[in-house]
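Good morning, and thank you for making time for this presentation.

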Amino acid sequence: MALNPIQLEVLWNRLLSVANEQQTTLIRTAFSTIVRESLDLACGVFDTKGHMIAQSLTGTPGHINPMATGAIHLLNAYPPETLEPGDVLITNDPWQTAGQVNDFTVLTPVFRTDHSGNAKIVAYFSNCCHAPDIGGRILSAEAREVFEEGLQVPITKLFYQGEPNEELFKIIRANVRTPDETVGDLYAQTASNAVGARALLQMMDEFGLETIDPLAEEIIARSEKAMRDGIRALPNGRHEHELWSDGFEEPLKIKVAVTIEDEDIYIDFDGSSPQSQRGINVVLNYTQGYGSFAMKAAISPEVPHNEGAFRPVHITAPEGSILNCKRPAAVASRHLVGHFLPSAIFGALSKAIPDRVLAGGSDPGWMSIWRATWPQKAEGEVAEHVEAEKQANFTLFMLGGTGARPLKDGLSTTGFPSGVGGVPAEVTETQAPLIQHFRHLRTDSAGAGKFRGGLGQNMTMGHLGSKEWSVSGMVDRTQFAPHGLEGGSSGTAGAFQLNGKDVPPKTIMWMEPDATISMNPPGGGGYGNPFERDPQMVLDDVVNGYVSIEAAEEQYGVVVKYIGEPDNLVRLPEHYELDKVATQSLRAS
């Protein structure tokens, strides 16, 4: 099939719309807030070889790229000739997909009947989602083996010729705390693939395509060429960087060497810490996912994220290291280490292309699992009947600031590199007996620079009811602040507190009913000399509450005066004044 550029563009955009329809179905039919609100998911369409052609509009790199690798594992276990129309495959094997047992990958073959009445596979649709619960320990970093972390489902069939695998569903329901949500999401994942398949078949009929393989080959080849062209424009060389994670019992080192060699890039994590005895280990599949994402983001962000974009990027880590752990290592909180990889890689690349990478950001998204009992309610004035106790199991994401960019400030409270979103307070308080006392941006949390980092946030959570409640706080960067670049300052480290006092994160804590938990993710590092920042931009930051008057003077050399009335409780822009003479004098000195 010969395609001219116009045909290719039309078909490519139609294919993207198919993948987006798949994603929209998943989001709108999902039971859990993890998928519905936080978009902790990935969707994609694959050719008959199991190569990813296109992904949907959103999705986390930790799901998208491992899902692409996972499709090959699924098809090796169930070759095309063993599949029938209506079959759906599933697994949550951490080493074959997304690195933790909470992530289910679901794959569906697309069958098309030809003129002779024969049904043959023309494509595959796959998605990967974080389940609200998978049994075992509540998601945390405390486990010492993967067996403690919940139910493991080897590659098997979720549906046989359109009929659910009832025995598997019974096993899942018996092992999870949220059976309706967990199983409901699996049905949503299956439905989204089915909708994607229907839309693809409609596209093939409309354009008279007997197969999409030639289209896939062209898209993948062009993506690979564009990625290699981007690499070829870089100077050859080897660049190293290292940074530190809080770890569990002791800090962990992440060391990377990036070697640019003509049209290929080699990323090696030799020298990183050995695998941990706790659940913060990363499987190689997940390491490769975030490593390849970082390179594409830095070098050719416009290139489609597919099989072609992966090929020029070669990622290795020593077996038995924190980034290539061996079974049966515990892996539930692997994101707390894996999310550092883009920052580490950008730090190395900053020596070659400082104008194209970010300063250090908050990196790991702060994920927490909350368990509590809803207060009992009586009917009428006389408590003749009392509702049975209802347990809540709720997952919340909180996000810090990204690092500053070479020409722009960082983004505040943004999920980078994960791409997940936070959960609104209204949803939190509807889904669980929790009270969000406040949540606001953290003043002075962003690293200073010609372009400042993004801000972190402050949030304090309380609880309804009279019984104990618990939180599993999977957080990092409470000891090591995000680094700045090109003279920019570091951001502010995060803080995890119980009743206003710092406590060790990554464990499950049971608390008294009146306790409060504060989660304050860090701000991103700055980029460039802070004294080169436009004083008017500093004044705007002070007015908006991003930077205090004291920090404006100390970090930026900008003198701002508050000229509002002392008893005025509402601070308005006109209450602030930039002292240009004092600023010029301070910066000159």
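Predicted model: local features only at pLDDT ≥ 70, side-chain atom pairs only at ≥ 80, totals over all residues.

Let me begin with Arg-477, which is buried, because its relative accessible area is 3% and the cut-off for buried is under 20%. Where does Arg-477 lie? Its place is the loop between strand S16 and strand S17, the latter covering residues 495-498. The backbone deserves attention here as well: Arg-477 has a positive phi of about 60°, although it is not a glycine.

For context, most residues other than glycine have a negative phi, and most peptide bonds are trans.

A second residue with this backbone feature is Asp-262, which is not a glycine either and has a positive phi of about 60°. Asp-262 is located in the loop that runs between strand S9 (252-261) and strand S10 (264-268). Is Asp-262 buried, partly exposed or exposed? With a relative accessibility of 48%, Asp-262 counts as partly exposed.

I turn next to the cis peptide bonds. One of them runs from Arg-327 to Pro-328, with omega near 0°. Pro-328 sits in the loop between strand S11 (313-316) and helix H9 (335-338). Another cis peptide bond joins Phe-416 and Pro-417, and there omega is about 15°. Pro-417 belongs to the loop between strand S13 (391-398) and helix H11 (425-431).

Let us return to strand S16, which spans residues 469-474 and contains Ser-470. Ser-470 is buried, with a relative accessible area of 1%. Which residues does Ser-470 touch, leaving aside those up to four places away in sequence? They are Ile-369, Trp-370, Arg-371, Ile-508, Met-509, Trp-510 and Met-511.

Now to the sheets. An open sheet of five strands has the order S14-S15-S20-S17-S18, with antiparallel pairing. Its edge strands are S14 (434-441) and S18 (501-502), each of which pairs on one side only. Strand S14 and strand S15, the latter made of residues 457-463, pair in the antiparallel sense over seven bridges. Within this pairing, Arg-439 has Met-459 of S15 as its bridge partner.

Another open sheet has seven strands, in the order S2-S1-S5-S4-S3-S6-S7, and its pairing is antiparallel. What is left without a neighbour in this sheet? Strand S2 (52-55) and strand S7 (163-164) stand at the edges with a single partner strand each, so one side of each has no neighbour in the sheet. Inside the order, strand S4 (residues 103-113) and strand S5 (residues 119-130) pair in the antiparallel sense over eleven bridges. Thr-108 has Phe-125 in S5 as its bridge partner.

Strand S3 of this sheet holds Thr-91, a residue that is buried, with a relative accessible area of 1%. Not counting residues up to four places away in sequence, Thr-91 touches Leu-74, Thr-97, Asp-103, Phe-104, Thr-105, Val-153, Pro-154 and Ile-155. To give a sense of distance, the C-alpha atoms of Thr-91 and Asp-264 are separated by 32 Å, and these residues are 173 residues apart along the chain.

A helix lies across part of the sheet. Helix H4 (residues 166-175) lies across strand S3 (88-91), strand S6 (156-160) and strand S7, and runs at about 115° to S6.

That brings me to helices packed against helices. Two packed helices are described by the angle between their axes and the distance between the axes.

Consider helix H1 (residues 5-29) and helix H5 (residues 179-207), whose axes come within 8 Å and cross at roughly 155°. That makes H1 roughly antiparallel to H5. The crossing of H1 and H5 is right-handed. By class, the contact of H1 with H5 has twelve nonpolar, eight polar and four charged residues.

Helix H1 also packs with helix H6 (residues 213-232), at an angle of about 95° and with the axes 11 Å apart. H1 and H6 are therefore roughly perpendicular to each other. In this contact, Leu-8, Leu-11, Trp-12 and Leu-15 of H1 meet Leu-215, Glu-218, Ile-219 and Arg-222 of H6. The residues of the contact of H1 with H6 divide into six nonpolar, no polar and two charged.

Thank you for your attention.

Methods
Residues numbered from 1 in each chain as written. Heavy atoms only, no water. Pairing = 2+ DSSP bridges. Helix = DSSP H or I, 4+ residues; strand = E, 2+ residues; numbered from the N terminus. Contact = heavy atoms within 4.5 Å. Axes fitted to C-alpha atoms, helices over the stretch in contact; angles between N-to-C directions. Parallel < 35°, antiparallel > 145°, perpendicular 65-115°, else oblique. Left-handed = near helix turned anticlockwise from the far one by under 90°. Nonpolar A, V, L, I, M, F, W, Y, C, P; charged D, E, K, R; others polar. Buried < 20%, exposed > 50% of the residue type's maximum accessible area, 1.4 Å probe, protein only.
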